[in-house]
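These are my notes on the chain shown below. Please read them with the coordinates open.

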Amino acid sequence: FGRSSGEEGAFAKIALVADDVEPDAEVGGTRGEWAAMKEGSSPLQSRDENGWSGGPAGGISHAKNLYPFSVVWQPFPPLTWIIPCIGHTGICDSRGVVYDFQGPYTIVRGRMMLGRATRYLPLDPEKVRAGGDEDSAAARWDRAVHSGCDDYRHKCHCLLYPNCNHHVAHCLNVMHYNNWSRYEMFQLWVMIFFKGRFCGTYGFLASMGPFLMLCLAALAYLVFSLAK
């Protein structure tokens, strides 16, 4: 990874995916570019001169992988095949663009590590308690997401800790979402598993299909074993 300007000995990499960049392309972000994102002038955000586009009612798009004000989830094989609540998570801004902690000092914007999201947990931006009352709910949400990402771009990714789930939980803690600031990985998994929505038929099959097949195979084995 390259060194971010003005930081001695610290590595940082921000991968941005803009509208005019191929889905599998990455653009290395500098500290200045990340600061611009925090101020709401990122390449994607600057295209809309009329304010925020999208929203929880009309901005969701399974095809474009856009889920405004949501936590998004995808299976992490083979762990998800055995324990279906375990998976890879990211958090989306007010326009539905995902921010994903994918590796050491790396926040990827606009693309999840394992492809499209298969489940999403829509949240209410009005429940964001951090920030001034003079700001809109969307602005407070985005500021907290960007602040959480800014914190985690200085962290080394690990399978156990810190990982993508801790990043999302940290963003919710920065928000003081629903007057709570102690979100953690296991609580996040439970929220998504019991309250999350599937991203269409594909989302259900990708999320639960392997687990259900293993359950059926185990059941069939048990039935045939008892029948002998």
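1. Basis of the model. This is a predicted model, in which local features need pLDDT of at least 70 and side-chain atom pairs count only at pLDDT 80 or more, while totals for chains, interfaces and linings use all residues. Residues are numbered from 1 along each chain as its sequence is written, and side-chain values use heavy atoms, with hydrogens and water left out. The pLDDT (the predictor's confidence in each residue, from 0 to 100) averages 80 over the chain, and 75% of the residues score at least 70. Residues 1-58 have a pLDDT below 50, although beyond near neighbours in sequence this stretch has 104 contacts in the model; a contact means heavy atoms within 4.5 Å. Where pLDDT is low, the predicted coordinates should not be read in detail.

2. Overall content. The chain holds 6 helices and 8 strands. These are DSSP runs numbered from the N terminus, helices being H or I with at least four residues and strands E with at least two. From the N terminus on, the order is β-β-α-β-α-β-β-β-β-α-α-α-β-α. Of the 228 residues, 44% are buried, where buried means under 20% relative accessible area, exposed over 50%, and partly exposed in between (1.4 Å probe, protein chains only). Among contacts between residues at least 6 apart in sequence, 63% join residues at least 24 apart.

3. The β5-β6 hairpin. β5 and β6 pair in the antiparallel sense over 4 bridges; pairing requires that DSSP finds at least two bridges between two strands. The hairpin has 2 residues between its strands. Gly-103 belongs to β5 (residues 98-103) and is buried at 10% relative accessibility. The C-alpha atom of Gly-103 is 5.0 Å from that of His-157, 54 residues apart along the chain.

4. β3, β7 and β8. β3 (residues 70-75) and β7 (residues 119-122) run antiparallel and are joined by 4 bridges; in β7, Pro-122 is the bridge partner of Ser-70. β7 is also joined to β8 (residues 197-198) by 2 bridges, again antiparallel. There, Phe-198 is the bridge partner of Arg-119.

5. Ser-207. This residue lies in α6 (residues 200-227) and is buried, with a relative accessible area of 2%. The side chain of Ser-207 reaches the backbone oxygen of Gly-203 at 2.7 Å. Leaving aside neighbours within four places in sequence, Ser-207 is in contact with Trp-73, Thr-80, Thr-118, Arg-119 and Phe-198.

6. Helix α3. α3 (residues 137-152) has 16 residues and reaches 23 Å from its first C-alpha to its last, close to the expected 22 Å; the expected span is 1.5 Å times one less than the number of residues. Of the 16 residues, 13 are buried, so α3 is largely enclosed by the rest of the structure.

7. Cysteines. With a disulfide taken as a pair of cysteine sulfur atoms within 2.5 Å, the count is 0. Cys-156 is in no disulfide, and the nearest cysteine sulfur, that of Cys-158, is 7.3 Å away; Cys-156 is partly exposed at 41% relative accessibility. Cys-171 is in no disulfide either, with the sulfur of Cys-149 the nearest, at 4.7 Å. Cys-171 is buried, with a relative accessible area of 0%.

8. Backbone geometry to check. Most residues other than glycine have a negative phi, and most peptide bonds are trans. The peptide bond from Pro-77 to Pro-78 is cis, with omega near 0°, and Pro-78 lies in the loop between β3 and α2 (79-82). The bond from Tyr-161 to Pro-162 is also cis, with omega near -5°; Pro-162 is in the loop between α3 and α4 (164-175). Phe-69 has a positive phi, near 55°, and is buried at 6% relative accessibility.

Note on methods:
A polar contact is a pair of N or O atoms within 3.5 Å; within protein, one must be able to donate a hydrogen and the other to accept it, and residues adjacent in sequence count only if both atoms are side-chain atoms.
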